[in-house]
Amino acid sequence: MSTDTPGLETLSQVRPALSTATHDLLGATIQVSDEDWARPSALPGWSRAELAAHLARHADALRGVVEGALRGEDVPLYPSPDARDAGIRAGADRTGLQIQEDLDTACGRLEHAFDEVRDWAMPVPFRDSRVPVATLPLGRLAEVVIHHIDLAIGTGFDDLDPVVAAIVLDWAVDRIGRKPGAPALRLVGPDGRQWRTPAAEAAEHDSAGSAVTPTEVSGAPQRLLGWLAGRLGADAVAGADAVAVPSW
């Protein structure tokens, strides 16, 4: 598995997976009561309502990037960190119906924006880099899948489709590989499929003999993803003891 920016090569898998993941999210959130929206999520420091607001505003932000690219303009994901936080705070005290309508609308508008794209290789700004627009559905899939679990409304990492978890692992390894000091990791699934951080690839291809030995961590793709995302402990996989992974 290459750590080149993922996107184009998996788009035919990612968009259907995103549609299914979004449908599952909206089907689960419609059952959450007003009282339960106000309660803490599994993500420390976030209520469920704040997390839902983040998911909706993230959809809006990605739609802005896509629509800007279609007009030939660079539009940042968020105008500023403060603007991102303000959007989350503004959604913290809403009723369940308001939250559901917001999520439904934002997700639908993003899907429509993706439908308008004809050139998926078109470069767009994304955080600190430029990526093919095909990368954005993958990033969105990661947000939807992981934050659905963070909402703590009945879905866990072991419930994830292993194929979807493997796709999202592509994204996670790519994002972590961009972090300064990212560890040399070789992740191995039950079927032998592997994901390597750039540091691990460099060590394995160093003909002079690298001083770095990649750490091999193995497990089901769902659990590798949960561990890499900082949601599951080292005991959820094998070989992860004392491995520090930067957040992404």
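## The α3–α6 helix pair

In this predicted model, the axes of helices α3 and α6 approach within 11 Å and cross at roughly 175°. Because an angle over 145 degrees counts as roughly antiparallel, α3 and α6 are therefore roughly antiparallel to each other. On the α3 side, the contact is made by L51, H54, L55, H58, A59, L62, V65 and V66. The residues contributed by α6 are L136, G139, R140, E143, V144, H147 and D150.

Classed by side chain, the contact of α3 with α6 comprises eight nonpolar, four polar and three charged residues.

## The largest pocket

Both of these helices also take part in the lining of the largest pocket, which has a volume of about 630 Å³. In total, 27 residues line the largest pocket. Those that lie nearest its centre are R84, R127, E143, H147 and W248. Two of these residues, E143 and H147, also belong to the α6 side of the contact with α3.

The elements giving two or more residues to the lining are α3 (48-70), α6 (135-150), α7 (162-177) and α9 (221-228). Of the elements, α6 gives the most, with five residues. By class, the lining of the largest pocket divides into 15 nonpolar, six polar and six charged residues.

## The three-stranded sheet

Three strands form an open sheet in the order β4-β3-β5, and the pairing is mixed. The edge strands, each of which pairs on one side only, are β4 (194-196) and β5 (215-218). From one strand to the next, the twist averages 20°.

Strands of a sheet pair through backbone hydrogen bonds, in either a parallel or an antiparallel sense. Here, strand β3 (residues 185-188) pairs with β5 in the parallel sense over four bridges. Within this pairing, L185 stands opposite T215 in β5.

## Helices packed on the sheet

Helix α7 packs on the sheet, where α7 touches β3 and β4. The direction of α7 makes about 15° with that of β4.

Helix α9 lies across β3, β4 and β5 and runs at about 150° to β3. Both α7 and α9 are also among the elements that give two or more residues to the lining of the largest pocket.

How values were computed: Residues numbered from 1 in each chain as written. Predicted model: local features only at pLDDT ≥ 70, side-chain atom pairs only at ≥ 80, totals over all residues. Heavy atoms only, no water. 1 Å grid on protein atoms, 1.4 Å probe; cavity = no way out; pocket = protein on both sides within 12 Å on 5 of 7 lines; lining within 4 Å. Points joined across faces, edges and corners; volume = space filled by probe spheres on them. Nonpolar A, V, L, I, M, F, W, Y, C, P; charged D, E, K, R; others polar. Axes fitted to C-alpha atoms, helices over the stretch in contact; angles between N-to-C directions. Parallel < 35°, antiparallel > 145°, perpendicular 65-115°, else oblique. Contact = heavy atoms within 4.5 Å. Pairing = 2+ DSSP bridges.
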